[in-house]
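Me: Could you walk me through this model one feature at a time? I would like the general idea before each case.

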Amino acid sequence: MIKSLQNQITQTEQTFETDVKNAQSIEQLEHVRVAFLGRHGKLTELMKQLRGLSTDDKRVVGPQLNQLKTRMQEVYEQKEQQLLKSQQDEQNQHKKDFDVTLSRKQDVTGGLHVYTQIIRQLEDIFISMGYSIADGPEVETGYYNFETLNIPKDHPARDMQDTFWLNVPDMLLRTHTSTVQAHVMETTQLPLAVFAPGRVYRNEATDASHNFMFMQAEGLFIDKNVSMSNLLATAEQFLQAIFERDDLSIRVRPGYFPFVEPGVEIDAECPFCTDGCSICKKTKWIELLGAGLVHPNVLKTSGIDQEKYSGFAFGFGIDRIAMIKHNIRDIRLFQSSNLEFLKQF
Ligand code: FA5
């Protein structure tokens with residue numbers, strides 16, 4: 001019995017040493033440790049056999065088993081140190097070989113959306129003309145979307161812009177950026193000149209030139225003795241700047257908007273042709289702005305003395321400007337997830 005246990009002790013030591021030697025990684029070494037030194041490992045198994053020996057034999061084999069345990073732990077720890085060191089060396093080498101100047105292949109970078117690009121250009125143009133940039137809420141009250149703009153409750157002009165009403169009484173998604181007018185007039189000292197780009201919503205069916213959510217911009221200028229010629233000069237200057245054509249002329253047609261009097265529609269000469277093309281639909285003109293002199297009722301509602309002050313306002317679709325500038329055929333592309341389209345800008 002004692003002989004058999006002593007043989008097993010010698011064999012266990014040899015197998016353990018071979019297995020430890022062969023372990024290539026910390027994980028493999030851990031497997032060996034569990035198999036030999038773990039709670040249910042080989043060493044525990046040998047210890048259990050000690051119970052069947054006589055007291056004299058126990059005195060002989062007991063110390064041998066303890067020696068085996070100490071030896072196994074030493075061998076294990078030595079190997080563990082060795083593996084940890086080579087792991088560390090490998091990591092250091094990897095860091096040394098890492099070339100920070102290498103660029104990654106197929107780098108995917110984002111870019112500014114075409115809306116943002118056009119809005120920034122427009123803002124730069126208006127800031128250079130002395131305007132400041134204004135903003136307003138997209139969730140609005142009927143008061144700011146209609147009443148301050150001379151469109152009382154039940155007035156038929158409310159039907160000119162199909163409205164998304166919310167479930168909260170008198171709340172809506174703004175149908176145009178003209179809502180910013182009263183907000184600004186209530187809070188800004190005169191004279192004032194503001195440019196307000198932003199998102200607007202209309203409860204309309206979509207097609208290639210109409211969306212239910214799109215971008216508009218509003219211009220508002222209030223001072224003493226503001227006239228139609230100030231409006232036309234401003235319109236001409238900004239249209240020339242945005243289409244990068246110094247010789248671009250404009251033309252004016254009568255138009256109806258309840259918040260301006262007189263109201264006009266302003267067209268720009270087609271920047272892309274001289275005798276008609278597909279962009280201007282062979283007319284040589286492109287419809288761009290709704291505009292006019294601010295209606296006295298609008299000034300009055302915002303507490304401005306209409307005897308002393310006058311002003312002009314204009315509004316336009318930013319999508320339309322972007323479509324003309326980049327020859328885009330379908331307005332719905334702007335808000336699609338079509339990366340091929342978006343990547344062009
Ligand atoms: C207005 O919204 C007026 N607030 C503009 C205005 C401001 C007039 C200040 C006078 C003084 P209108 O509904 O025409 O006007 O819209 C202006 C522009 O928004 C249009 O010329 C068009 O370019 C754009 N637009 C209108 N509806 C849509 C739509 N469904 N999809 C895309 N663009 C649209």
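Reply: Happy to. Let us start with polar contacts: a polar contact is a pair of N or O atoms within 3.5 Å; within protein, one must be able to donate a hydrogen and the other to accept it, and residues adjacent in sequence count only if both atoms are side-chain atoms. Here, the side chain of Q216 places an N or O atom 3.1 Å from an oxygen atom of the ligand. This is a predicted model, where local features need pLDDT of at least 70 and side-chain atom pairs pLDDT 80 or more, while totals for chains, interfaces and linings use all residues. Residues are numbered from 1 along each chain as its sequence is written, and side-chain values use heavy atoms, without hydrogens and water.

Me: Which atom of the ligand lies 2.9 Å from a polar side-chain atom of H176?

Reply: A nitrogen atom of the ligand. Q161 has a polar side-chain atom 3.4 Å from a ligand oxygen atom.

Me: Which residues around the ligand are the closest?

Reply: H176, S178, R202, E204 and N211 are the closest of the 22 residues that surround the ligand. By class, this shell holds 8 nonpolar, 10 polar and 4 charged residues. In that scheme, Ala, Val, Leu, Ile, Met, Phe, Trp, Tyr, Cys and Pro are nonpolar, Asp, Glu, Lys and Arg are charged, and the others, Gly among them, are polar.

Me: Which strand gives the largest share of the shell?

Reply: Elements are DSSP runs numbered from the N terminus: helices are H or I with at least four residues, strands E with at least two. The largest share, 4 residues, comes from β9. At least two shell residues each come from β5 (213-223), β8 (285-294) and β9 (310-317).

Me: How do I read the overall form?

Reply: Compare the radius of gyration, taken over C-alpha atoms, with the globule rule, 2.2 Å times the number of residues to the power 0.38. The protein has 11 helices and 9 strands. Its radius of gyration is 41 Å, well over the 20 Å that the rule gives for 345 residues, so the protein is more spread out than a compact globule. The C-alpha trace spans about 125 × 50 × 40 Å along its principal axes.

Me: And the backbone?

Reply: Most residues other than glycine have a negative phi, and most peptide bonds are trans. In this model, L190 and P191 are joined by a cis peptide bond with omega about -5°, and P191 lies in the loop between α7 (180-187) and β4 (192-201). The bond from E261 to P262 is also cis, with omega near -5°; P262 is in strand β7 (residues 260-269). E244, a residue other than glycine, has a positive phi near 50°.

Methods: A residue is near a molecule or strand if one of its heavy atoms lies within 4 Å of it.
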